[in-house]
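Please look over the sequence and the model, then read on.

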Amino acid sequence: MPSSLPVLILTGYLGSGKTTVLNHFLATGGARIGVIINDFGDVNVDAALVAGHVAEPVSIAGGCLCCIEDPRQLDDALRALSRPSLELDAVVIEGSGIAEPPGLIHMVLGSEVRDVRFGGLVEVIAVARVALAEASGWDLAQHVKAAAVVLLTTTDLADPRETAAVRERIAHANPHALVIDAPHGAADPRLFFDAAEHPVPEGGQLALWEFGRAPDHDHHDHDHHVHHRATALDAPSVVDPAALAELLEDPPASVHRIKAIVDVAAGRGIRRFVAHSVAGYVSVDRVSRPSDEPARSRVVAIGLECDDAALRRRLDALVRPDGAPAATARELRRLTRFV
Ligand SMILES: Nc1nc2c(ncn2[C@@H]2O[C@H](COP(=O)(O)OP(=O)(O)OP(=O)(O)O)[C@@H](O)[C@H]2O)c(=O)[nH]1
């Protein structure tokens with residue numbers, strides 16, 4: 001049995017359910033897990049979303065890990081998490097929604113940190129959103145061929161025939177991957193450790209050594225990164241719930257994904273909400289917030305070649321200025337009807 005620390009990679013297109021899977025794993029796994037979260041935008045909303053489940057997620061924001069110029073950021077994170085005093089059983093890296101698996105695997109294999117090893121790739125696929133992901137340039141075969149485990153989310157929203165067709169395509173691209181339905185991220189956490197024991201599918205379509213080479217940055221995958229853009233808001237203030245509801249429900253056409261952790265002034269208190277919009281599918285959850293914490297609102301919108309200036313204006317317009325009256329019941333209802 002290898003004694004080094006396995007580093008698992010969790011990938012999947014924007015909004016496929018990676019953070020949901022990771023939180024389920026952290027809540028039910030019973031193991032000591034270190035987490036590294038890479039968000040594409042400057043504001044790492046995902047790190048905040050797993051924070052309740054793990055002592056200290058390490059956040060790498062502001063660019064996709066698989067194409068950052070300086071690999072030291074990842075090595076610094078791996079070095080910090082591999083300290084024997086932490087006694088971790090594994091590290092999970094949640095890639096940004098546009099990361100390409102070969103690039104991430106290459107980075108882990110190329111790590112100069114001793115005592116860590118590549119522990120397998122888990123790909124999350126939102127069955128109900130495959131067509132939209134593909135329209136944005138995501139490539140199913142490219143994503144599953146390096147995976148030891150493929151988790152299928154949103155099977156609750158998809159027609160069973162759609163799920164069967166996706167399964168068939170996965171089996172064709174990588175007959176050795178273990179494919180599991182994981183609606184709302186509900187998968188047996190032991191699967192992650194099985195992936196760590198069989199990091200690359202035996203006889204799979206890509207051998208481990210192929211990932212030892214630097215990915216070709218002239219390759220079209222790199223264009224894929226260039227065309228996606230993230231615009232973020234991180235404001236020490238509350239937001240207008242009706243304006244947020246409108247943005248979530250009716251984002252600019254090119255925006256595929258919005259995620260937000262926002263504070264809203266309601267009555268005499270402040271309420272905190274976590275909101276998601278994935279290709280028009282909106283969810284909002286009320287979450288607890290420490291009552292003595294100052295107001296803070298973070299929103300990230302990601303799209304393909306969006307009109308940055310127009311999106312910036314819409315994000316800035318969410319902010320409710322200091323001293324503005326609390327949200328009216330009607331404004332609040334607009335947002336909480338998604339809850
Ligand atoms: N109906 C349904 N919703 C899901 C399922 N899995 C995830 N979601 C929802 O999809 C939204 C996005 O989920 P996340 O876990 O944040 O997705 P992600 O892949 O981490 O997103 P990015 O980091 O932006 O790429 C959230 O509103 C989830 O609650 C599922 O199986 N069914």
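Is threonine 163 buried or exposed? In this predicted model, threonine 163 counts as buried, at 9% relative accessibility, because the cut-off for buried is under 20%. Threonine 163 lies in helix H7, residues 160-173. Leaving aside neighbours within four places in sequence, threonine 163 is in contact with Val127, Leu152, Thr155, Ala158 and Asp181.

Serine 111 is also buried, with a relative accessible area of 14%. Serine 111 sits in the loop between helix H4 (101-109) and strand S5 (116-126). Apart from residues up to four places away in sequence, serine 111 touches Asp75, Leu78 and Val116.

**Two domains**

The domain assignment of the protein chain gives domain 1 (5-215) and domain 2 (228-336). Their contact takes 16 residues from domain 1 and 19 residues from domain 2. About 1,600 Å² is buried between domain 1 and domain 2, and carbon and sulfur atoms give 76% of that area. On the side of domain 1, Leu14, Val43 and Val45 lose the most area to domain 2, together 32% of what that side buries.

Across this interface the rule finds 2 residue pairs in polar contact and 1 salt bridge. Helix H2 (residues 45-50) gives the most to the side of domain 1 that touches domain 2, with 4 residues. The residues of that side divide into 10 nonpolar, 3 polar and 3 charged.

**Salt bridges**

Side chains of opposite charge can pair when their charged atoms come close. The count comes to 17 salt bridges, among them those in the table.

| Salt bridge | Closest N and O atoms |
|---|---|
| Aspartate 46 and lysine 259 | 3.2 Å |
| Arginine 169 and glutamate 134 | 2.6 Å |
| Glutamate 246 and arginine 334 | 4.0 Å |

Arginine 169 forms a salt bridge with glutamate 134. Arginine 169 lies in helix H7 and glutamate 134 in helix H5 (residues 130-135), so the pair ties together parts that are 35 residues apart in sequence. Arginine 169 counts as partly exposed at 37% relative accessibility, and glutamate 134 counts as partly exposed at 29%.

Glutamate 246 is partly exposed, with a relative accessible area of 43%, and arginine 334 is partly exposed, with 23%. This pair links distant parts of the chain, with glutamate 246 in helix H10 (residues 241-249) and arginine 334 in helix H12 (residues 329-336), 88 residues apart. Salt bridges that share partners join Glu246, Glu249, Arg334 and Arg337 into one network.

Notes. Residues are numbered from 1 along each chain as its sequence is written. This is a predicted model: local features need pLDDT of at least 70, side-chain atom pairs count only at pLDDT 80 or more; totals for chains, interfaces and linings use all residues. Side-chain values use heavy atoms; hydrogens and water are left out. Domain bounds come from an automatic or database domain assignment. Contact means heavy atoms within 4.5 Å. Buried area is the accessible area (1.4 Å probe) that two parts lose on being put together, summed over both. A salt bridge is a side-chain nitrogen of Lys or Arg within 4 Å of a carboxyl oxygen of Asp or Glu. A polar contact is a pair of N or O atoms within 3.5 Å; within protein, one must be able to donate a hydrogen and the other to accept it, and residues adjacent in sequence count only if both atoms are side-chain atoms. Helices (H or I, at least four residues) and strands (E, at least two) are DSSP runs, numbered from the N terminus. Ala, Val, Leu, Ile, Met, Phe, Trp, Tyr, Cys and Pro count as nonpolar, Asp, Glu, Lys and Arg as charged, and the others, Gly among them, as polar. Buried means under 20% relative accessible area, exposed over 50%, partly exposed in between (1.4 Å probe, protein chains only).
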